[in-house]
Amino acid sequence: MVAASIALLVLWPLLELVSVASEALDGPGNGSLVDPMANTALVGAGTAVLATILGVIAALITERSAVSGRQWLRLGILLPMLVPPFVSALSWLRAYGPGGLVDDFSGFELPGLFGPVGIVLVVAIGATPLAYLITVASLRTRAERDLELAARASGARPLTSLRTITIPLLAPALLGIAALTFVVGINAFGVPAFLGTPASFDTVTTRIYQDLTLSSRPESFGSAILLATGLVGVALVLVTLAEMALGRIDAVPRRAVPSGHSGTRSARARLLTILVWFAILLTTVFPMIALTLVALTRGVGLAPAPANWTLSNFSEALDGRFLGALGRSALLAVMAATTAVLLGVMVSALRNKLGRVAGVTALVSFALPGSTLAVAVLLAYGAGLRDTLLLILIAYVAKLWAVGHRSISGSADNLPPDLFHAARMSGAGVRTAVRTIVLPLLSPALLAGWVLVFLFAFHELTMSSLLYGPGTDTLAVAILNLQQLGDVQVSSALAVILTLPLILMAIPVLVLGRLPGRLMGTG
Amino acid sequence: MSPLLECQGVSVQYGPVQAVKDFDLTLEPGETVALLGPSGSGKSSVMYAVAGFTRISAGRIILSGEDVSTPKASVPPEKRSVALVFQNYALWPHLSALENVAYPLRRAAKPKAQSLLEASHLLEKVGMTELSQRKPAELSGGEQQRVGLARALARAADIYLFDEPTAHLDSQIRESVANEIAKRRAELGAAAIYATHDSEEALAIADRVVILRSGSMVQTGTPADVYERPIDAWAARLTGPVATLNATVLEAKPGKLKVLLDEVTVIAHSASSTPTRSVELLIRPEWVRPGGEIRGTAVEVSYRGPHTDYVISTKSGHLVARAAGSPRLEVGQVGGWTIERAWAPS
């Protein structure tokens, strides 16, 4: 049953893809594909460098210096996880782009926002929480604080101990982080679609999108498939390398991590804290405010002052056309989350070889570029399911069940079997033991997995933009289309609707449930 | 009345590893048996098989006359009248100490209020009243263990299984738990099995000791049997300090040997009467008395308070001795000793 679902969800579409791609190789000229590939590599490399540096610096600040409000700072660093990348791109445009908020006030617009610089900046900021979480976990499992203290006790200054002890210990993890964030960069679609396409800067993913949706040339379908196959190959190699480099990063640290810091709260720590908050403000909070202000303003070019505020953009955003898209996004997200969690539970219950194989497949499907997966699902199921929500749901579950599986299996593996045995020994049957012991202990993980899958699915743009048909567009697709039509106000209002309520809802969950840790299996 | 527990030729197989081989045990009402063996000797596997967690690969397990485990079928653990104290306590982290102990009572369909009341009485018995609202993570190892014991006692069972139960327990609580088990043995005819690698504990609490080595039963008998008449040198070392010395047999009678050790005649108890020329003698330290004809140099002298332990180098090998009071010899000094007793395993 589980094996069959895996095969149907992931393996069959990929096999279809490879077989069609090998035919496409013999087709007419693919010469125009070099540019998108070079651009993609550029975005990947830039993202890897920037996100790794930002993530490591943020982790060293929250874990290794005497900052105040550490928990809130952690939350702030993770905030970009709650903003879908294409909404980030949109919000940066509204804040720093031509005609954006800063432009209105000071005439300044960020140079290079359209093009590789802007793409790398926005994608890297979205990937920083990932780099941050892995670095935090690695600091706990590989570079325990004692080792640094021993260096200090041997006469090393703080920066010397960082350079000679901490960074060398983290080196393999850093390679793994760079590989993973590189994959995030090359898989990115929303950001290059918003910031690259207007500047004719094509990446593999935007090229696939254009070929599939805007072109009627039959040979372009072939080149899209070639690109998709190439992308999945690179992503798989890199994710495998990252897994090897990171090893058992999700292993529970043997000793409790001292949360405090031995040093006093120095002026330097205060400065660092302020700097990080400032960066969060500049990269995430302010753009979101700008986006919201544009959505609230009556017309383009008007100052975003209360006098010019209106809710008409929101009421237009919530009329029949877009309300349907909102409903479909929510429905797809609920169904994807529920299916992914159920699959995750079933796979975790199989503590055998099949379970391991399934776990690996789940990881692979998460690393799969959404563009590739969408093309593969289209090839495998498009004939029968074209223009149905089910087609999109299949792609979502194939892509996201890894999230459900990871968050559940981490907790399930840490659940000592004797806790179950002790319940049986106390007179509980299997069902009672599961109900009274196993489920209560796993419920935070189940909830976290569900919320994460819901969040990813609700924000998903890459696959739905390739798979939607008449009457099956999602909210994210509606925003993409509106932005391409140049409707600044309503697209902003839709983006706010897509993002802000979930941010407000997710913060309590993040605070209470250690959600991000579960994403990485470190919770 | 049928025995509470019969294990007949029980084997447990984990993949290629045979954890338990052809294990036999009969447990009568009111009896306490200790399973003694080093780690990896199969003690926990026997426990888990009796509790119903491990499928047996051969033999059968009978509880109060009913077949509960055969290679083909197994009665589920909750349907067996067995309680188990887990080696790692296995307390449920989401429940308080009180709720952990009340859990078996709830499963026995007792009302909630009554369950909590009985649970708090049980926690009182293990001295945990004040900490009853704490979660396991807020308890020390020893405190967790007491909660684990109370939880096992909350189950009205015929057989109480203790998997290495007293590692962190202070003697007062140990006694309180032992009393509680003794009471249930007397009133309800319950029995207990302790798995332990601590020989002193096994000899002190058990009516009968079963010695396990690599999954096989090596010897079974009363504490005095296994201590004074060990089946071989390995079993002797497992149950306490012992010296092994080679001696020449002078005369063999059923159950008794006259042997020559360092040119001194010694009478040894023997398991067999088959005449042999030389024999390996097992000598416990308290069987050796200071003063006498066997001369040796003290190589180790350890003061223990009530007594002093000596290791003495003799012509036939190293002898261990224990004598009351402070040291009589210093390391390097030569003294005379008398062997009052010796045991020759077959």
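# Briefing on a predicted two-chain model

Of the 346 residues that make up chain B, 51% count as buried. The model is a predicted one. In chain A, which has 523 residues, the buried share is 55%. Chain A contains 23 helices and zero strands, whereas chain B contains eight helices and 19 strands.

**Contacts along the chains**

- In chain A, 79% of the contacts between residues at least 6 apart in sequence join residues at least 24 apart.
- In chain B, residues 24 or more positions apart account for 63% of the contacts with a separation of 6 or more.

**Nonpolar cores**

- The largest nonpolar core has 123 residues, and the members that touch the most other members are A:Phe194, A:Ile208 and A:Leu494.
- Leaving aside residues up to four places away in sequence, A:Leu494 is in contact with A:Ala317, A:Phe322, A:Leu475, A:Ala478, A:Ile479 and A:Leu482.
- Another core, of 53 residues, lies apart from the largest one; its members include A:Leu415 and A:Leu441 from chain A and B:Tyr48 and B:Phe86 from chain B.
- As background, nonpolar side chains tend to be buried together in soluble globular proteins.

**Helix H10 of chain A**

- Helix H10 of chain A runs over residues 204-213 and is mostly covered, with nine of its 10 residues buried.
- The buried residues of H10(A) are A:Val204, A:Thr205, A:Thr206, A:Arg207, A:Ile208, A:Tyr209, A:Gln210, A:Asp211 and A:Leu212.
- A:Ile208 of this helix is also one of the residues that touch the most other members of the largest nonpolar core.

**Helices H2 and H3 of chain A**

- Helix H2 (residues 34-64) and helix H3 (residues 70-78) of chain A pack at an angle of about 165 degrees, and their axes are 10 Å apart.
- Angles over 145 degrees count as roughly antiparallel, and H2(A) and H3(A) are therefore roughly antiparallel to each other.
- H2(A) and H3(A) cross in a left-handed sense.
- On the H2(A) side the contact is made by A:Ala58, A:Ile61, A:Thr62 and A:Glu63, and on the H3(A) side by A:Arg70, A:Leu73, A:Arg74 and A:Ile77.
- By class, the residues of this contact are four nonpolar, one polar and three charged.
- For reading such residue lists, an α-helix has 3.6 residues a turn, so residues three or four places apart point the same way.

**Helices H16 and H17 of chain A**

- Helix H16 (residues 370-385) and helix H17 (residues 389-413) of chain A pack at about 140 degrees, with axes 9 Å apart.
- That angle makes H16(A) oblique to H17(A).
- The crossing of H16(A) with H17(A) is right-handed.
- H16(A) brings A:Gly370, A:Leu373, A:Val377, A:Leu378, A:Tyr381, A:Gly382 and A:Leu385 to the contact, and these meet A:Leu390, A:Leu391, A:Ile394, A:Ala395, A:Ala398 and A:Lys399 of H17(A).
- The contact of H16(A) with H17(A) divides into 10 nonpolar, two polar and one charged residues.

**Positive phi in chain B**

- Most residues other than glycine have a negative phi.
- B:Ala90 is not a glycine, yet has a positive phi of about 50 degrees.
- B:Ala90 is found in the loop between strand S6 (82-85) and helix H2 (97-107) of chain B.
- With a relative accessibility of 5%, B:Ala90 counts as buried.
- B:Ala109, also a residue other than glycine, has a positive phi near 65 degrees.
- B:Ala109 sits in the loop between H2 and helix H3 (112-125) of chain B.
- With a relative accessibility of 68%, B:Ala109 counts as exposed.

**Two asparagines**

- A:Asn308 is placed in the loop between helix H12 (267-296) and helix H13 (312-317) of chain A.
- A:Asn308 counts as buried because its relative accessibility is 15%, and the cut-off for buried is under 20%.
- Not counting residues up to four places away in sequence, A:Asn308 touches A:Leu296, A:Thr297, A:Arg298, A:Leu302 and A:Ala303.
- B:Asn179 belongs to helix H5 (residues 171-188) of chain B.
- B:Asn179 has a relative accessible area of 48% and is partly exposed.
- B:Asn179 and B:Lys125 are 54 residues apart along the chain, and their C-alpha atoms are separated by 10.0 Å.

How values were computed: Residues are numbered from 1 along each chain as its sequence is written. Chains are lettered from A and ligands numbered from 1 in the order in which they are written. This is a predicted model: local features need pLDDT of at least 70, side-chain atom pairs count only at pLDDT 80 or more; totals for chains, interfaces and linings use all residues. Side-chain values use heavy atoms; hydrogens and water are left out. Axes are lines fitted to C-alpha atoms, for helices over the stretch in contact, and angles run from 0 to 180 degrees between N-to-C directions. Helices (H or I, at least four residues) and strands (E, at least two) are DSSP runs, numbered from the N terminus. Angles under 35 degrees count as roughly parallel, over 145 as roughly antiparallel, 65 to 115 as roughly perpendicular and the rest as oblique. A crossing is left-handed if the near helix is turned anticlockwise from the far one by less than a right angle, and right-handed if clockwise. Contact means heavy atoms within 4.5 Å. Ala, Val, Leu, Ile, Met, Phe, Trp, Tyr, Cys and Pro count as nonpolar, Asp, Glu, Lys and Arg as charged, and the others, Gly among them, as polar. Buried means under 20% relative accessible area, exposed over 50%, partly exposed in between (1.4 Å probe, protein chains only). A nonpolar core is a set of buried Ala, Val, Leu, Ile, Met, Phe, Trp, Tyr and Cys residues joined through side-chain atoms within 4.5 Å.
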